Amino acid sequence: MALTADDILKQLKNREFAPVYFLQGDEPYYIDLISDYIEQHALNDMEKGFNQVVMYGKDTDVPTVLLQAKRFPMMSDRQVVIVKEAQNLANLEADPEKDPAAKQLDAYLNNPLPSTILVFCHKHKTVDGRKRLGKLLSKQAVFLTTKKLYDNQVPGWINQFIKTKNLMATPQAVMMLGEYIGSDLSRLANEIEKLAINLKPGQTIDEKLVQENIGISKEYNIFELQNALVRQDVLKANRILNYFESNPKDNPLIPNLVLLFSFYSKLMTLHLLPQITEQTVAKELGNRGFLAKEYLQALRVYPYRRVLQIIQFIHQADLQSKGIEGGAMSDAAILKELVFKMLHPVPVLPKKSF
């Protein structure tokens with residue numbers, strides 16, 4: 001049966017365990033969250049020694065997993081068998097008419113041992129729900145499919161996760177976490193956990209705390225560079241670029257290109273609004289009114305065609321970083337060239353006529 005991650009965790013916390021869990025999808029955070037909870041809480045420490053087995057898909061196969069699953073627990077009501085990296089498990093999606101292992105799996109899923117908790121962690125891939133295995137799992141197992149969040153869903157997830165820690169956060173802090181870390185939920189959760197260590201319930205995570213603890217310089221970071229570009233502040237932009245060049249490990253090129261691309265892509269979307277006002281811009285940005293004025297200023301500085309040109313420049317910088325264009329330019333040189341093009345419009349020369 002298909003449940004949400006929250007539904008499954010609620011059942012587990014109520015000590016309601018199913019015989020088979022199949023956790024799959026592109027977002028590994030929830031797969032790890034559920035499998036880790038089962039691994040840590042389904043059995044007590046004394047029971048784990050004889051009754052808990054963790055296997056890896058690349059090192060085993062279906063018959064070996066089923067051999068473990070069919071064992072009866074020793075001095076315990078249940079046993080746990082966890083298959084990590086199950087996407088690498090041999091025979092998993094084979095045809096049962098041709099592969100005895102697949103036939104054994106079908107038989108077990110139709111009649112699992114009630115005293116076994118069998119967990120498949122199938123990351124970054126999904127089984128085809130229209131085929132035999134997908135249909136069988138949806139009926140006989142607790143079946144979870146996880147999806148990556150869209151960028152506009154990340155701030156809401158961050159706010160909700162922070163609330164589970166009995167904390168609050170400023171909109172600016174949420175924006176910085178989402179923009180700097182992106183939609184990697186495992187990393188986001190880890191960074192928020194670190195921020196929460198020294199805070200008491202009810203306290204607020206603000207932008208200063210994020211800057212001090214997530215490795216973001218207060219004055220020299222990608223957000224300040226973005227602001228300098230909007231304000232056309234050449235001196236400030238060059239200072240930030242020089243800082244990046246001196247601290248390359250803290251300011252890798254690719255994440256910075258991703259953030260710049262995200263900003264100018266939003267500008268392109270905003271340019272296409274039927275009516276551009278502070279209210280319509282704020283709504284398009286996910287009701288983040290504190291950002292509306294910054295984007296309105298950027299819209300005045302960068303007309304639509306100029307935004308398209310800059311997005312092309314960012315794409316070119318990405319190709320240069322991969323060695324496809326530009327020869328052996330350093331990351332610092334690539335970013336400096338990009339920022340120069342952003343600050344100084346590059347005219348399109350007319351074609352020569354002969």
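Buried means under 20% relative accessible area, exposed means over 50%, and partly exposed is in between (1.4 Å probe, protein chains only). This is a predicted model, where local features need pLDDT of at least 70, side-chain atom pairs count only at pLDDT 80 or more, and totals for chains, interfaces and linings use all residues. Residues are numbered from 1 along each chain as its sequence is written, and side-chain values use heavy atoms, with hydrogens and water left out.

Q: How many of the six residues of strand 1 are buried?
A: Strands here are DSSP runs of E, at least two residues long, and helices are runs of H or I, at least four long, numbered from the N terminus. Val 20, Phe 22 and Gln 24 point one way from strand 1, while Tyr 21, Leu 23 and Gly 25 point the other way. Strand 1 is largely enclosed by the rest of the structure, because the number buried is six of the six.

Q: Which residue in strand 4 is the bridge partner of Leu 23?
A: Two strands pair if DSSP finds at least two bridges between them. Strand 1 and strand 4 pair in the parallel sense over six bridges. In that strand 4, Leu 23 has as its bridge partner Cys 121.

Q: Which residue in strand 5 stands opposite Phe 22?
A: Strand 1 also pairs with strand 5, in the parallel sense over five bridges. Opposite Phe 22, you'll find Phe 143.

Q: Through which helix does the chain cross from strand 2 to strand 3?
A: Strand 2 (residues 52-56) and strand 3 (residues 79-84) pair in the parallel sense over five bridges. The β-α-β crossover joining strand 2 to strand 3 goes through helix 4 (residues 62-69).

Q: What reach does helix 2 have from its first C-alpha to its last?
A: Helix 2 covers residues 28-41, so 14 residues. The expected span is 1.5 Å times one less than the number of residues, and for helix 2 that is 20 Å. The reach of helix 2 is close to that, at 20 Å.

Q: How far apart in space are Ser 217 and Leu 23, C-alpha to C-alpha?
A: Ser 217 sits in the loop between helix 10 (207-213) and helix 11 (222-231). At 22% relative accessibility, Ser 217 counts as partly exposed. Ser 217 and Leu 23 are 194 residues apart in sequence, and in space they're apart by 38 Å.

Key
A crossover is right-handed if, with the strands pointing away from the viewer, the path from the first strand over the helix to the second runs clockwise.
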